[in-house]
Amino acid sequence: MVLYRAMANDTMVGSAVSVAKRLGKSTARVYEAFLDPALARAWMGLGSDGVSELAIDARPGGKYRFVTQRGGVDIEHRGEYRELVPGKRLVFTWVVPSLTQLVSIVTIDLLGAGDVTQVVL
(Lines give C-alpha, C1' and ligand atoms only; values in the text may rest on other atoms or scores of the structure.)
Protein backbone atom coordinates (compact mmCIF):
# COMPACT_ATOMS: atom_id res chain seq x y z
CA MET A 1 0.00 0.00 0.00
CA VAL A 2 1.45 3.39 -0.99
CA LEU A 3 0.70 6.11 1.56
CA TYR A 4 3.06 8.66 0.07
CA ARG A 5 4.46 8.88 -3.42
CA ALA A 6 7.49 11.16 -3.81
CA MET A 7 7.04 14.01 -6.26
CA ALA A 8 9.79 15.71 -8.27
CA ASN A 9 9.96 18.79 -6.01
CA ASP A 10 9.89 16.87 -2.70
CA THR A 11 13.02 16.61 -0.59
CA MET A 12 13.99 14.06 2.04
CA VAL A 13 16.69 14.51 4.68
CA GLY A 14 17.20 11.50 6.92
CA SER A 15 13.67 10.71 7.97
CA ALA A 16 12.28 14.14 7.07
CA VAL A 17 10.23 14.96 3.99
CA SER A 18 9.35 18.42 2.70
CA VAL A 19 6.51 18.99 0.24
CA ALA A 20 5.30 22.35 -1.08
CA LYS A 21 2.07 22.82 -3.02
CA ARG A 22 0.27 25.95 -4.24
CA LEU A 23 -3.50 26.16 -3.77
CA GLY A 24 -5.98 28.69 -5.14
CA LYS A 25 -7.51 29.40 -1.71
CA SER A 26 -6.76 31.91 1.05
CA THR A 27 -4.56 30.86 3.98
CA ALA A 28 -7.61 31.17 6.26
CA ARG A 29 -9.62 28.78 4.07
CA VAL A 30 -6.78 26.24 3.82
CA TYR A 31 -6.28 26.36 7.60
CA GLU A 32 -10.01 25.82 8.10
CA ALA A 33 -9.95 22.82 5.73
CA PHE A 34 -7.59 21.02 8.13
CA LEU A 35 -9.71 21.65 11.24
CA ASP A 36 -13.37 21.89 10.21
CA PRO A 37 -14.78 18.33 10.17
CA ALA A 38 -17.08 18.92 7.18
CA LEU A 39 -14.25 20.38 5.08
CA ALA A 40 -11.65 17.85 6.27
CA ARG A 41 -13.91 14.91 5.44
CA ALA A 42 -14.07 16.08 1.81
CA TRP A 43 -10.33 15.73 1.20
CA MET A 44 -8.95 13.34 3.84
CA GLY A 45 -10.46 10.36 2.07
CA LEU A 46 -8.88 11.08 -1.30
CA GLY A 47 -7.26 7.95 -2.64
CA SER A 48 -9.40 5.75 -0.42
CA ASP A 49 -12.95 4.44 -0.41
CA GLY A 50 -14.00 7.30 1.91
CA VAL A 51 -13.87 8.45 5.52
CA SER A 52 -16.14 6.46 7.87
CA GLU A 53 -15.18 8.20 11.13
CA LEU A 54 -13.78 11.65 11.85
CA ALA A 55 -13.24 13.52 15.12
CA ILE A 56 -11.28 16.76 15.49
CA ASP A 57 -10.60 18.59 18.77
CA ALA A 58 -8.89 21.65 17.24
CA ARG A 59 -6.83 23.07 20.11
CA PRO A 60 -3.27 22.57 21.33
CA GLY A 61 -3.36 19.26 23.21
CA GLY A 62 -6.57 18.27 21.40
CA LYS A 63 -6.68 15.03 19.47
CA TYR A 64 -7.89 14.04 16.03
CA ARG A 65 -8.84 10.67 14.62
CA PHE A 66 -10.17 9.54 11.28
CA VAL A 67 -10.75 6.19 9.65
CA THR A 68 -10.54 5.57 5.91
CA GLN A 69 -11.33 2.39 4.03
CA ARG A 70 -9.12 0.85 1.36
CA GLY A 71 -10.38 -2.32 -0.24
CA GLY A 72 -12.81 -2.92 2.62
CA VAL A 73 -10.15 -2.53 5.33
CA ASP A 74 -10.46 0.21 7.98
CA ILE A 75 -7.30 2.30 8.42
CA GLU A 76 -7.15 4.51 11.49
CA HIS A 77 -5.10 7.74 11.53
CA ARG A 78 -4.68 9.70 14.75
CA GLY A 79 -2.62 12.29 16.53
CA GLU A 80 -2.49 15.32 18.78
CA TYR A 81 -2.28 19.01 17.94
CA ARG A 82 0.85 20.67 19.33
CA GLU A 83 0.60 24.14 17.79
CA LEU A 84 -2.23 25.91 15.96
CA VAL A 85 -1.71 29.44 14.59
CA PRO A 86 -4.83 30.44 12.62
CA GLY A 87 -4.11 30.96 8.95
CA LYS A 88 -0.38 30.34 9.41
CA ARG A 89 0.71 27.05 10.97
CA LEU A 90 -0.37 23.63 12.22
CA VAL A 91 1.90 21.22 14.10
CA PHE A 92 0.61 17.80 15.10
CA THR A 93 1.62 14.21 15.66
CA TRP A 94 0.59 11.53 13.16
CA VAL A 95 0.40 7.76 13.49
CA VAL A 96 -1.30 4.98 11.53
CA PRO A 97 -1.36 2.17 14.15
CA SER A 98 -2.11 -0.64 11.70
CA LEU A 99 1.10 0.18 9.81
CA THR A 100 3.51 1.34 12.52
CA GLN A 101 3.74 2.58 16.10
CA LEU A 102 6.24 5.25 15.03
CA VAL A 103 4.83 8.73 15.57
CA SER A 104 5.64 11.47 13.07
CA ILE A 105 5.66 15.18 13.80
CA VAL A 106 3.93 17.09 10.99
CA THR A 107 4.45 20.83 10.52
CA ILE A 108 2.34 22.69 7.97
CA ASP A 109 3.17 26.31 7.18
CA LEU A 110 0.70 28.37 5.14
CA LEU A 111 2.27 31.20 3.17
CA GLY A 112 0.45 33.59 0.89
CA ALA A 113 -1.78 36.53 0.28
CA GLY A 114 -5.18 36.86 -1.31
CA ASP A 115 -6.52 33.71 -2.88
CA VAL A 116 -3.22 31.84 -3.28
CA THR A 117 -1.57 29.79 -0.52
CA GLN A 118 1.72 27.95 -0.59
CA VAL A 119 1.32 24.92 1.70
CA VAL A 120 4.68 23.70 3.04
CA LEU A 121 4.47 20.34 4.80
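Which pattern does the protein follow, read along the sequence? The pattern is β-β-β-α-α-β-β-β-β-β-β. It comprises two helices and nine strands. Helices (H or I, at least four residues) and strands (E, at least two) are DSSP runs, numbered from the N terminus. The model is predicted: local features need pLDDT of at least 70, side-chain atom pairs count only at pLDDT 80 or more, and totals for chains, interfaces and linings use all residues. Residues are numbered from 1 along each chain as its sequence is written, and side-chain values use heavy atoms, with hydrogens and water left out.

Seven strands form an open sheet, in the order S3-S9-S8-S7-S6-S5-S4. The pairing is antiparallel. Two strands count as paired if DSSP finds at least two bridges between them. S3 and S4 are the edge strands, each pairing on one side only. From one strand to the next, the twist averages 25 degrees. H1 packs on this sheet and touches S3, S4, S6, S7, S8 and S9. Its direction makes about 155 degrees with that of S8. Axes here are lines fitted to C-alpha atoms, for helices over the stretch in contact, and angles run from 0 to 180 degrees between N-to-C directions. H2 lies across S4 and S5 and runs at about 140 degrees to S4.

Individual strand pairs were examined next. S6 and S7 run antiparallel and are joined by four bridges. Leu84 has Leu90 in S7 as its bridge partner. The two strands, S6 and S7, form a hairpin with three residues between them. In the turn, Gly87 has a positive phi of about 75 degrees. Six bridges join S7 to S8, again antiparallel. Here Phe92 stands opposite Val106 in S8. Five bridges connect S8 to S9 (residues 116–120), also antiparallel. The bridge partner of Leu111 in S9 is Gln118.

The largest nonpolar core holds 19 residues. Such a core is a set of buried Ala, Val, Leu, Ile, Met, Phe, Trp, Tyr and Cys residues joined through side-chain atoms within 4.5 Å. Leu35, Leu54, Tyr81, Leu90, Phe92, Ile108 and Leu110 touch the most other members. Two or more residues come from each of H1 (27–35), H2 (37–44), S4 (51–56), S5, S6 (73–85), S7 (89–94) and S8 (104–113). H1 gives the most, with four residues. Leu35 touches Ile56, Ala58, Tyr81, Leu84 and Leu90, not counting residues up to four places away in sequence. Contact means heavy atoms within 4.5 Å.

Of the 121 residues, 33% count as buried. Buried means under 20% relative accessible area, exposed over 50%, and partly exposed in between (1.4 Å probe, protein chains only).

Two residues illustrate these classes. Gln69 lies in S5 (residues 63–70). Gln69 counts as buried because its relative accessibility is 16%. Its side chain makes a polar contact with the side chain of Ser52 (2.5 Å). A polar contact is a pair of N or O atoms within 3.5 Å; within protein, one must be able to donate a hydrogen and the other to accept it, and residues adjacent in sequence count only if both atoms are side-chain atoms. Leaving aside neighbours within four places in sequence, Gln69 is in contact with Ser48, Asp49, Gly50, Val51, Ser52 and Asp74.

Leu23 sits in S3 (residues 20–23). Leu23 is partly exposed, with a relative accessible area of 37%. Residues up to four places away in sequence aside, Leu23 touches Val30, Asp115, Val116, Thr117 and Val119.
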